[in-house]
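Biologist: I would like to go through this structure with you. Please tie each term to its cut-off.

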Amino acid sequence: MVSSKFKIFIIALEPTPYTLDLWNASIAFKNISATVVFLERKDWLPDSGHNFEELPDFAFKSKFFVGKNLLSKLNSIRYIFLNILINRHDVYFVNGYHKFQNLITILLLIINRRKFYFCVDKLNNGKVESNFQIFAYIYRYILRFLVFKFSIAIMSCGQPGINSILKAGCREDKVYNFPYVIDKNRMMDDLPENLPSICLQDLKEKKIILTFSGRMILRKGLKNLIKSISMLEEEIYTKFIFWIEGDGPLLNEFKRYAAINLKKVNYKFLGFCQYKLHSWLIRNSTIIVVPSLQDNWGIVVDEAQQLGKVIIASNKVSSALDRIKDGENGFIYNASDCIELKKILTAILNNKSKITDLGKAALLNKRTIKPLDNIELIDKIYKNN
């Protein structure tokens with residue numbers, strides 16, 4: 001871990017436990033000094049963002065902006081300008097280009113010939129949803145051309161993300177695997193002050209805990225999961241308890257749908273859980289289902305595998321496609337096929353030995369990447385540039 005000393009300035013979006021896991025790992029590299037600017041406390045769009053009121057400790061220098069108003073955006077741009085033009089860093093790390101601040105940052109870095117990494121979970125190479133479609137396509141093409149040409153590396157999540165960047169026209173030697181990942185030790189140590197009594201009571205029953213964790217929005221696929229569970233044979237209902245973690249604009253709609261379709265199932269809506277309680281829920285779960293209709297990555301797959309849990313995920317979850325070998329260390333099914341999901345649930349809920357074997361295989365997955373691995377990659381790329 002020894003190379004030339006350098007300062008890295010990171011432009012991030014909202015703070016999340018896995019973002020902190022990543023940059024906290026940089027302290028293991030004595031040659032790296034990391035400063036992270038968070039453009040917003042939370043992404044308030046209905047389709048994304050979690051309201052983290054508690055977060056792991058920060059082991060790096062950081063600066064926060066609220067991100068909800070114009071003044072905050074202008075202040076964040078000013079702060080970034082100062083750290084490019086006056087308080088120079090050796091290299092910069094930009095997450096995405098859809099925020100105005102990121103666009104300005106990329107242009108400023110190119111004009112001033114600064115070294116920078118560009119990071120994106122996955123590129124959309126399909127149709128652009130815009131009232132000004134022609135201009136949107138031109139904007140996308142020009143910005144990608146500039147990023148591909150002038151960055152020292154394009155970082156992306158797993159093989160699906162890498163494939164999307166190559167398809168967009170980037171040189172293969174510039175693209176690196178840089179997935180969102182968690183610190184297993186942190187998840188093992190996370191202990192909330194108040195544990196839900198209903199969950200503690202569930203654990204006393206010694207049953208299989210089937211868990212969904214995600215936003216209450218259409219693309220996360222909870223409605224399909226509920227439908228698949230409702231199709232199970234009634235004798236299977238006594239074998240498991242269903243935990244539903246998350247919040248969002250469709251929470252009440254999903255509650256009504258579950259009340260109609262899961263009358264004989266022991267299920268609990270737990271709401272949004274802060275990161276320590278979330279870690280506890282995953283640790284105490286048996287099977288994690290990720291039924292997303294579209295998911296550019298899906299951090300819960302990494303969380304579950306590192307903790308040796310069985311994962312059932314749709315083929316629209318990029319992290320599942322990257323990490324799961326169907327039937328060997330988890331299951332992958334067609335996202336819109338509730339009958340296929342029902343068959344997988346039936347098979348696994350009726351076979352405890354299979355649950356044990358799949359959990360062990362998940363724990364030993366050779367494709368698992370740690371935050372330290374990602375920082376080591378950053379160090380290696382910088383050293384070669």
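Modeller: Asp21, Leu22 and Trp23 in α1 meet Pro371, Asn374, Ile375 and Ile378 in α15. Contact here means heavy atoms within 4.5 Å. The residues of this contact are five nonpolar, one polar and one charged. Ala, Val, Leu, Ile, Met, Phe, Trp, Tyr, Cys and Pro count as nonpolar, Asp, Glu, Lys and Arg as charged, and the others, Gly among them, as polar. This is a predicted model, where local features need pLDDT of at least 70, side-chain atom pairs count only at pLDDT 80 or more, and totals for chains, interfaces and linings use all residues. Residues are numbered from 1 along each chain as its sequence is written, and side-chain values use heavy atoms, with hydrogens and water left out.

Biologist: Why is α1 called oblique to α15?

Modeller: Their axes come within 8 Å and cross at roughly 55°. Angles under 35 degrees count as roughly parallel, over 145 as roughly antiparallel, 65 to 115 as roughly perpendicular and the rest as oblique. The crossing angle falls in the rest, so α1 is oblique to α15. Axes are lines fitted to C-alpha atoms, for helices over the stretch in contact, and angles run from 0 to 180 degrees between N-to-C directions.

Biologist: How do you know how α2 and α3 are oriented to each other?

Modeller: The axes of α2 (residues 70-85) and α3 (residues 100-111) come within 10 Å and cross at roughly 20°. That is under 35 degrees, so the two helices are roughly parallel. By class, their contact has nine nonpolar, three polar and one charged residues. Among the α2 residues in it are Ile77, Ile80 and Phe81; the α3 side includes Ile104 and Leu108.

Biologist: Why is Thr16 called buried?

Modeller: Its relative accessible area is 4%. Buried means under 20%, exposed over 50%, partly exposed in between (1.4 Å probe, protein chains only). So Thr16 is buried. Thr16 lies in the loop between β1 and α1. Leaving aside neighbours within four places in sequence, Thr16 is in contact with Phe52 and Leu55.

Biologist: How do you know that Leu377 is buried?

Modeller: The relative accessible area of Leu377 is 18%. That is under 20%, so Leu377 is buried. Leu377 is in α15. Not counting residues up to four places away in sequence, Leu377 touches Met155, Tyr176, Asn177 and Phe178.

Biologist: Why are Arg113 and Lys206 called exposed?

Modeller: Arg113 has a relative accessible area of 78%. Lys206 has 70%. Each value is over 50%, so exposed is the term. Arg113 lies in the loop between α3 and β5, and Lys206 in the loop between α7 and β8.

Biologist: What is the phi of each?

Modeller: Arg113 has a positive phi of about 55°, and Lys206 one of about 60°. Neither is a glycine. Most residues other than glycine have a negative phi.

Definitions and conventions
Helices (H or I, at least four residues) and strands (E, at least two) are DSSP runs, numbered from the N terminus.
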